[in-house]
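Subject: Handover of a structure, with notes

Hello,

Please find the structure below. My notes on what was found in it follow directly after.

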Amino acid sequence: MRSSRKPLALLIAILAIFGVVAAACGGSKSDSDAKPDTSYDYASLSGTLNGSGATFPKAFYEESIAGFAGVAKGVTVNYNGVGSGQGKKDLAAGTSDWAGTDSLVADADKATFKGPFLYFPTVAAPITVSYNLSGVKTLNLSAATLAKIFSGSVTSWDDPAIAADNAGTTLPSTKITVAVRSDGSGTTSNFSKFLAAAAPDAFTLTAGDTVAWPSAQSAKGNAGVAAIVKSTNGSIGYVDLSDAVASGLTFASIGNKDGKFVQPTLEGASAALAGATINADLTYSALNASGADAYPITAGTYIIVYSSITSPTQASAIRGWINYVLTEGQTIAPDVDFAPLPTSLRDKAIAQIAQIQG
Amino acid sequence: MAIDQKDMAVTPGDRSGGDAASLLVASSGRRTDRLFRSVALVAGLLVLAILGLIAASTTHEAWPAFRSEGLSFVTSSTWIPAEGKFGALAFIYGTVLSSLLALVLAVPVSLGIALYANEAAPSRIRRPIIYVMDLLAAIPSVVYGLWGFIVLAPFLGPHVYAPINDAVGGWPVIGWFLNGSSGRSFMTAGIILAIMITPIITSLSREVIATVPRAQREAAYGMGATRWEMIRLAVLPWGRGGIVGAIMLGLGRAMGETIAVALVIGSQAGQITTHLFEAGDSMAAVIVNQFGEASGTHRAALVGLGVVLFLVTIIVNVSARSVVARFDRRAQGF
Amino acid sequence: MGADLDDLFVRAEDGELLLRGTTGRSRRIRNRLASIWMVGSVVVAVIPLALVIGYVLVKGIGQLTPDWFTKDLPAVTRRAGGGMGPAIVGTLLITGVAAAMSVPLGVLGAIYLHEYGGRGRLARLIRFMADVMTGVPSIVMGLFVYTIWTIAHGLSAFGGALALSCLMLPIIIRTTEEMLRLVPDELRQASYALGNRKWRTVVTVVLPAAFGGITSGVMLAVARAAGETAPLVFTIGAARNLNLSIFNGPTTALSVQIFGNAQTPFEAAQARAWGAALTLVAIVFILTILARVVSAGVARRHNA
């Protein structure tokens, strides 16, 4: 299985790179900053790169680490899924070499870092609203209804608000069990920010890394929430697509800005990304994006590293690792239910690798 | 090992002693004796030192939370780390409720087993019972937690709690308690804890029951008592103090249990409810679930929960041991 | 039913036989109810034991391939493959170091209590506090070691071992003291009569006599420590690869792997949790049974 897929993935990557280079050359005749993947010398790299942070992209990083280990034998990359909040703290404290985060560093916290740092967008993915309700195979939820469920004002599955979104579906009177994250999390941040943006009247709580959900069972990590949903009839929770698919959960279709109910898919995420505005530091928000096919709870995720690294060997290893994530990694992403970056954004990210000094 | 080496090191010196040196040898022997005694004493004092250090170091670490929260640390049930609010009352409630549930379930079973094993079972059955209790006690709590999380809780929610809730959840009094339908709940935590403390209460009760003087039993039987009457008249009154002690030790163990409870109690903050089939949280479970991501005052508050837990279990254990000790003295004096 | 139930009871010096056919009907019923309660209790206790062991065996046995014992943990949690090698080694290493620290200290403490302290005030206090210390929740020990060790020295196997040794110390002290109590005073007096000093008597006469019992007690303490999870979560961290260093860097253990993998919804990860549970239960049962065998041997020797 694995051995047969890898050459294929490599082939796709090479073709993709050729495509990018050709497009860049054809378009402006200028030199592309993107380094061709084929010439990247992973084999000469060495060192250990400890990373920690978001659990949202954990599956993607784990797969990328496994792939990177195959080409860069001298480098050991670790990733500990401790939540975006802790990941940023670890990097600021210097106990890790790279952080995975779904949320940006707050201005107030920037001073705690040991120096200037860079955001590298890596992949994006829909955050599913997964549910477990026996007898109900499809479910539509508008942003307002979703906000009411998570704010605790809708507590039973046969509530009129849910029924209004699902004409023709028989809903049981089962009590709703809301499943949320116990740890500080970028997934929570993105999900609550979506609710605050799309249903400001119905959502009565304060959005952020942690939210004071009024009545909810909590668990660690996306996988923990998925575990509650999977085993509890009547439950609903927010889980990234990758973990939700791997756990065999059922997803609600969410009402987007155009009033359409959309299932969480990679295509829906790509549609949302297509309309997002990219900031100068390569950050962006694809939440509540417009577009008929756009899945409204689509979140990006970033790797943060320091731009100045004391050890040249370590700096080379970090550059190699990020390059791998942005090139070959992008072809692995759909395998674990993550949407690769749009080409334009990816090229900008690859170009930014050169800013890592050391 | 360490002792053997010391022994060997001194032996040559001992042997070399001729008559002239005998005085010297004797005094060096006494010195070794004193040294040995001191080393042993230090090892014994380590117990007191560790207990003192636990209290001091955890309180010190938790101080920022205690200072910012004050008394509301134990009187408020608002626990919102993001807003810096740390009221642990709901967790204290969860610890107490799940442990009491465990006692309600475990005490009759434990006493039944202890009485059966000591008073009624033929010897061919007695030994297997003791083995079963040993094995129950030996299974690590995380394994009970795993089973509770994957097997027991998903079964109990829809197949036991929900039907009970539908049947009697609306009734007065009973409905206050038998309410809710969450597989991971106070009740499930109580059940798992009951399984875990049953062997403890059983073996301690058996020790107590075994000290009942034979003469008392025979006197009861001699008056024509049935076995149950003998137990009630001769065994239980005699062992009451010790059995109470055993139950309290079981309570202490249940309150401190962490991993199994963390997996099955449901991790719902702020829950102070009489509804036994609803999710809640306990002090130990909150500590282990939130510690990894916590920092600053949040982390201090979690250590603070540990301090409260330490105090509570110390109080329970000291009272239990005092009861048992009083009983022991009586048993030995007889 | 009645006859079957009777088989489960000794035909005691019970007055029930005398009551047959006389007026004690309600007394007989009450006695019968009590019998049902007692047998029922045993049944109720056996059910969960059978269920837990059954599930662990059935769900865990498929994991135990040779790879399981030798390979590192897989990089991708949700995928099958890899092994549990680092966790098995971690559990053995951490409990081993914990035993190496707590056994000598515990035995010495017990020697003080029984051979020197006796019924004195200090010995009684230490004895009482050792009993109380056995009741300190393991998670509190974890927090304690976190505050005195981990904050300053980072995550390592040693932190976990320190926490476990704090849990083992009072158990070893109390069981060893019980064993020392079983050594007949005649042995000590005989040794004194030969001109041996007290310390020599203890080391060369009393300890060897109590050796079997102490070993058994130590094994039970080690078995209990090997299954502990809460004290390790804050102190040893999480490693995927084998780490044989005691002081440097995070490691992992079977119990921690069970706890982590249980809380995921992935088939492969949950299968790993069951496999780790089977491995851990096997280790703990072997220690427990060995302890029983050793103590049974001791009992035989005493009776002989």
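Asn140(A) stands opposite Ser253(A), a residue of β10(A). This is a predicted model, and what follows should be read with that in mind. Strand β5(A) is joined by two bridges to β10 (residues 253–255) of chain A, and the two strands run parallel. Both belong to an open sheet of three strands in chain A, with the order β5-β10-β11 and mixed pairing. In that sheet β5 and β11 (261–262) of chain A are the edge strands; each has a single partner strand, so one side of each has no neighbour in the sheet.

Ser134(A) lies between β4 (117–132) and β5 (140–141) of chain A, in the loop that links them. Is Ser134(A) buried or exposed? Ser134(A) has 10 C-beta neighbours inside 10 Å, and because a residue with 12 or fewer is classed as exposed, Ser134(A) is exposed. In sequence, Ser134(A) and Gly234(A) are separated by 100 residues, while their C-alpha atoms are 7.6 Å apart in space.

Now the contacts between chains.

Chains A and B: the contact involves 22 residues of chain A and 21 residues of chain B. On the side of chain A that touches chain B, α3 (84–93) and β7 (217–219) of chain A each supply at least two residues. By class, that side of chain A has four nonpolar, 13 polar and five charged residues.

Chains B and C: here chain C contributes 82 residues and chain B contributes 82 residues. Which element gives the most to the side of chain C that touches chain B? That is helix α3 (residues 25–60) of chain C, with 19 residues. The side of chain C facing this contact with chain B is made up of 58 nonpolar, 15 polar and nine charged residues.

Last, the division within chain B. Chain B is split into domain 1 (2–59) and domain 2 (72–333). The contact between them takes four residues from domain 1 of chain B and four residues from domain 2 of chain B. Where domain 1 of chain B touches domain 2 of chain B, the residues of domain 1 are two nonpolar and two polar, with no charged residues.

Regards

Key:
Residues are numbered from 1 along each chain as its sequence is written. Chains are lettered from A and ligands numbered from 1 in the order in which they are written. This is a predicted model: local features need pLDDT of at least 70, side-chain atom pairs count only at pLDDT 80 or more; totals for chains, interfaces and linings use all residues. Two residues are in contact if their C-beta atoms, placed from the backbone, lie within 7 Å. Helices (H or I, at least four residues) and strands (E, at least two) are DSSP runs, numbered from the N terminus. Ala, Val, Leu, Ile, Met, Phe, Trp, Tyr, Cys and Pro count as nonpolar, Asp, Glu, Lys and Arg as charged, and the others, Gly among them, as polar. A residue is buried if 20 or more other C-beta atoms lie within 10 Å of its own, exposed if 12 or fewer, and partly exposed in between; C-beta atoms are placed from the backbone. Domain bounds come from an automatic or database domain assignment. Two strands pair if DSSP finds at least two bridges between them.
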